[in-house]
Each structure stands twice: as structure tokens, then as C-alpha cells.
Amino acid sequence: MIAFYSFTVNKDNYVIYRSNTDIEADLRLTSEQGASLWIHSLPDGGPMQELHAELSQLDLEVVSDGFGTLPHMKGILNADIQYAPIDSSFQLVADMYVDTLIYERDTVGELMLNATYVPLGNSQQQIDVHLLRNQLEALAANGTIQTGADGQIDGNALLTNFPLEIVTPFIPDDQASLYGFLQGDITVEGSTQSPLLNGYLQFDSAHVFITAVGYSYELDSKRIDINQGIVNFDQYRIFATENDPFIIDGTIDTRNFSRMIADLQLDADNIQLLDAKKTEESIIYGKILIDLHSTIKGPVNALAMRGDLNLQGGTNATFVLHESSLTVQDRLDGLVVFTSFTDITELRNRKEMPRPLGGMDILLTIRIDQSVQLNADIAPDGSNYVQLEGGGDLSFQYDREGDMNLAGRYTLTGGTLRYTLPVVPLKDFSIHEGSYVQFVGDPANPEVNLTATERIRTSVTDATNTRLVNFDVGVTVTGDLDNMALRFTLDAPEDIGVQTQIAAMDEEEETKQAVGMLVTGKYLASSGDGGMNLDMGSAPNNFLQGEINNIAGNALESIDITLGVDSYDENGSAGGSRVTDYSFKFSKRFYDDRIQVIVGGRVSTGGDVNSGDAQSYIDDVSVEYHLDKNGTRYVKVFHDTNYENLLEGEVVETGVGIVLRKKMRYLRELFQFKRKKVKPVEEDDSTDEQQT
């Protein structure tokens, strides 16, 4: 029994060993599945005869399934190992062939390997290796090695259209995929302890696809020269887009293989790091634009990275939160799980915790421009989400033990929270300026302080009259991301009487009134005559509004659109005519989010609408243009129609505004528009040597 195969042995089998140059054998093992192992010498007899070990039709899937620690493989292995005596030495030749190797569900291809080993005496060995994929030679290597205290090596490796796809199946967890080819010609000479490399490497039509972001990066076809053990990156470029490369400049010293030293400069100006659509595997999608100026120095197993990262305006990226404390659907999911302890599939596929990046030490200053949009899908299907717009300054640290820390505040200038509760229809809340996300350590668990409201206009009846009042009903989200607290709020900023009544409520009563308004669209607090401001016709209207927004949101994913239905009595409970208002509002961004157009309006039906006057179907129009990508300066043209109060009535405002937004310590800094780049932190060489 070998490798879970049951073999039968041929009759009259034998192996006769007289010396290294005189071996005879005839041993054949055959399985019912067709696999066989045949060890035999040539039939001519006598000394100095070749000895063959032939392995045929070995199913790798049976072997890998039999050993739980081996990765899953498929393919049929055939091999022929020849042992040929030569005077006082011998020659060993191995030919192996795998028909369509599949490694962990990824196809490696048809592989052929030919290797020759000859001991030359005086502790010298000669090796020659050839690797072919799909019948095309990819690698040829040869050389001599002298072992011992004064070991020497002299060899050459030639890469001819080496397919990078071979590497992809061996990348864990499908984190990345490689495509294209690698050319190269490298010589190795010198001592075995510190050999010197000379030659070059060159990528051909090569690119790397990162699964998590769903985006591909192209590698430069420029030669990477290696001279006396120094790998030279001379303005080597990695392209996320055609015109904005990521540049690597510097060297890697390989003269001491046990302690290779890197001295690299990384620069990227206005590079589009990401431009990906959402997929099932995505944890982030959208567009990311950055500037990066940093250094990477030190031993390759203990690199130190210092620099400045700027997240540019025009960035609009969305993170997918597969688990969130705000998600209310499937609360009982996972309450009961049935497990078969005889099933080893889970054990085989169990993923290990991510390991540190080779002891790398990273310290980056991160600057986020004011117009950057960072979003999060609270539900993986995108039905609930939060869209944030703002900026800030952060500090990111990654230590050699693999711990990450992020410190700083991301202050919001606006945004949208779309959230659904079981009894509340889909609502879009506008996030207030001044809300923030505070990072205090774990980047995946920041502290959140968001206030978001929706404007609802409804009629309120007191002891003297009935009037329309604008309410700001919304939510506040506080706490860290893993344990967020949600509270509902209600305000009437334009009506002193109602606002005074709300201010006198305790937190529980205010929450009830806020939820009641979200459900029914009405202010349910007691009126001055002891009645309730409840109109049962508003509840179905509010439900209809939520369903319309759901349908419109799915049909017009590229346009933010909100539709509303509001029905009320002109005279409250006084038996006046019935009026129904249909409101709409949609917005669209253009030109890398630098232009935003917002159009809103209201159409009224029923009753004595406008006393026969023509209605203005579009009440609010605004066009906003960012003068720079950073979002610090923009111009806004607007036409707004608002209901101020009982005395002013309807007020129309039309105008042009310019906004300048800038952080400063002194007033004179307001007129300094040239940005100062943060220089990478330089560490003292003597200190680094001592630490090393």
C-alpha cells in the first residue's frame, strides 16, 4: 500500500546491489487504477548499466485527498528517473510530466520538467534544469556548485517567456492573479554564502489583478538591471491608468543573501489607484485618486516605510460592511447551526490569520481632501448605506508585529444616510456638516458621531389655527463601528411654538414622535384642543413614498433621486379642501464629481391650489462647481423656494455664491494657496544600524 494505492508485485522480482556502478533490478508494482512503479535495469546485463525508475498514471487527486495536510491537486503524473554509472561517478536524469495540473481549483497547465545531476568530484556537482509549460520552454538553468567551507557557485538562469499565470494558483486565498510573461538572463557566481547576481529581468505584457479591489495594475516593460548584486529600479513604473504611473526608484542590495538591503523612493502624483465596479468578492469599489511620496529602507525582512499620502478630491470609494450592528434584517441568522463532526471540509478550508508583512514598519501621514467621498454599504446588497463627504488629517502606523493603528479625525461637510427599519419606509437623511469619524487605534473600528435629518413639511393644528410646519426629523449615530448607538431626533427650527413643545419632551417621548413622523408623515403630539394631529390617510402615502424610492433607487443607480407624497387638509381639522403634494428631488455628479446638479420641486393637486395660478413645478435648482480637486474652493449658482414663517410666507432666493474652505492658524494663511508637501521622516543611520 503506497500513497493510498493498493499495488501487486510482479513474480521473480529482485534488486541486486553490488556497487554504485553495478546494480540490477526488476521490480514492478501495479495498481487496479492503472498506476504503476517499475524499477528495472537494461536487459543487456553486466556492470555500468542504466537503472530506470518509471512512475506512470499516478492520480494526484487521490494522493492529495488522502493526506489532509496537502493542498488539493488534480492531474496525472508520469516520471522517468534514470541512473547511469560513469566510471567512478554517475549521472542522474529525471523526466517528469503532469497532464493539466490543477492546484487548489486553479489551472497551472501542462508541465514538463527535465533535470540532470552529475557529481564531478572534489565536492563539485553539475546541475541542468529545463521547465516547459504547454510544450513551450519557460526556464533553463545550469551551473556548477562546490560544497564545503569554501563553497563556490557558477551558474546561469534564462527565462524565456516565463508565464506568470503559473504563480497565480500558489497565491493564498485568491488574493491576486498574475498575467503576462517574464524575460530574464541572470548569472550567479562567487561564494555560496554571498553569491553575486548579474543580468536583468523584464516583464512583457504583465499585469496584476487584486481580487479585493477588483482592479488590475500593469507592470512596466522596462528592464530591471542587476549589476554585481545590486538590483537597480531606475524610475520603474506601475500603471493603474495609462498616463499616471506609480514610480519606484532606488536599489536593493543582494550581495548578502542573509541580509538584503533596500533603499527605495516611491512617488505617485495624481495616480488613479482604483477604478472598479462592485462584484460579489469586492470589499471596496469605486474610484481612488492619491498622491504618494515615501521611502522604503532597511533589510528586506524588516523594512521601514515613511512618507506622506494624500487622498485627492475626485475620490469616491465604497466599503462593503458584510456585518454591521445597524443591520436589522436576519436577526436570528446563525442562532442555530448544525455541524457534522465527520465532515473535514471545514478543517481543510480553514483560513489562517493574516501574517505580518515580513516585519515591515510603516508610518504614513494621510491627508484627505475636503471633496473626498467615502461610503459604506451597511447592508451587502446596498439597500442601506452611508455616503460621507469631507476631509481631515490622519496618521497611520503598522508595526513589525502586524498591529495597525490609525489616529485622526475625518470631518464631514455633508453626505447621505439611507436607512430602513421594519416599520419605517426607506428614508434618505442628509448628514449635517460637522459630523465626524474619529480614528483612535483600530482602523476597522472608528468612533462615529453622525447627525442626519430629513425635512418633512406637514400641517400642525393648535388652539387658534392650522399651519404648515417644516420639521427636521432624523437620527444620530454615536459609538464605535462595532457597537453603534442609534437615536431618533425631531426639531422644528422655523416654528418657535412647536420647537418649544419638542424641547419640553424627554428623550423617550421625542423618539416616539420622531418615529411616528417617519412612519405616518404627521406630527402626532397633542394639539392645543386636546386632539391628536393624526391623519390616517398619511400613513399609506408614506408607505407608498418608501416603495417609490426603493424602485427608483434600483432603476436609477447612477442618479440620487427621492420622491415623496404628502396629503393634508388645507384647514387642518376645520373641514377644508384636501391637498396632495408630490415632491421630487434628484442630483447627479459629472466631471470626476467636480460638478453637481440638484433639481427639486413640488406639484400640488386637489383643493383650491394656488387660486387658479400656474404652478412652478421646479422649486429648487442648484449647480455647484469645484474650482479645484481638493474641494477647498467652489462656486454655487442656486434658485431656492422656501416657506419661512407665517409673516414672510413663501420666499424665493436666487443668487451666486463662492465658498473657500481652509484650515489655518493665522489669517494670512487664507491667502496661501500653494500646498506644502510633508517630507518623509528620515531616520538616523547610526540609530538604524544599532537597532539592526
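Reader: Where is Y591 found, between which strands?
Author: In this predicted model, Y591 lies in the loop that links strand 31 (578-590) with strand 32 (595-605).

Reader: And is Y591 buried or exposed?
Author: Y591 is exposed, because its relative accessible area is 52% and the cut-off for that class is over 50%.

Reader: Switching to the whole chain, how many helices and strands does it have?
Author: The protein chain has six helices and 35 strands, and 40% of its 692 residues count as buried.

Reader: What does the accessible surface come to, and what share belongs to carbon and sulfur atoms?
Author: The accessible surface of the protein chain is about 38400 Å², with 54% of that belonging to carbon and sulfur atoms.

Reader: Now the strand pairing: how many bridges join strand 17 to strand 18?
Author: Strand 17 (residues 245-253) and strand 18 (residues 261-276) run antiparallel and are joined by eight bridges, with I252 standing opposite A262 of strand 18.

Reader: And which way does strand 18 pair with strand 19, parallel or antiparallel?
Author: Strand 18 pairs with strand 19 (residues 284-299) in the antiparallel sense, over 13 bridges, and there L266 stands opposite S294 of strand 19.

Note on methods. Residues numbered from 1 in each chain as written. Predicted model: local features only at pLDDT ≥ 70, side-chain atom pairs only at ≥ 80, totals over all residues. Heavy atoms only, no water. Helix = DSSP H or I, 4+ residues; strand = E, 2+ residues; numbered from the N terminus. Buried < 20%, exposed > 50% of the residue type's maximum accessible area, 1.4 Å probe, protein only. Areas by Shrake-Rupley, 256 points an atom, 1.4 Å probe, with all protein chains shown as cover. Pairing = 2+ DSSP bridges.
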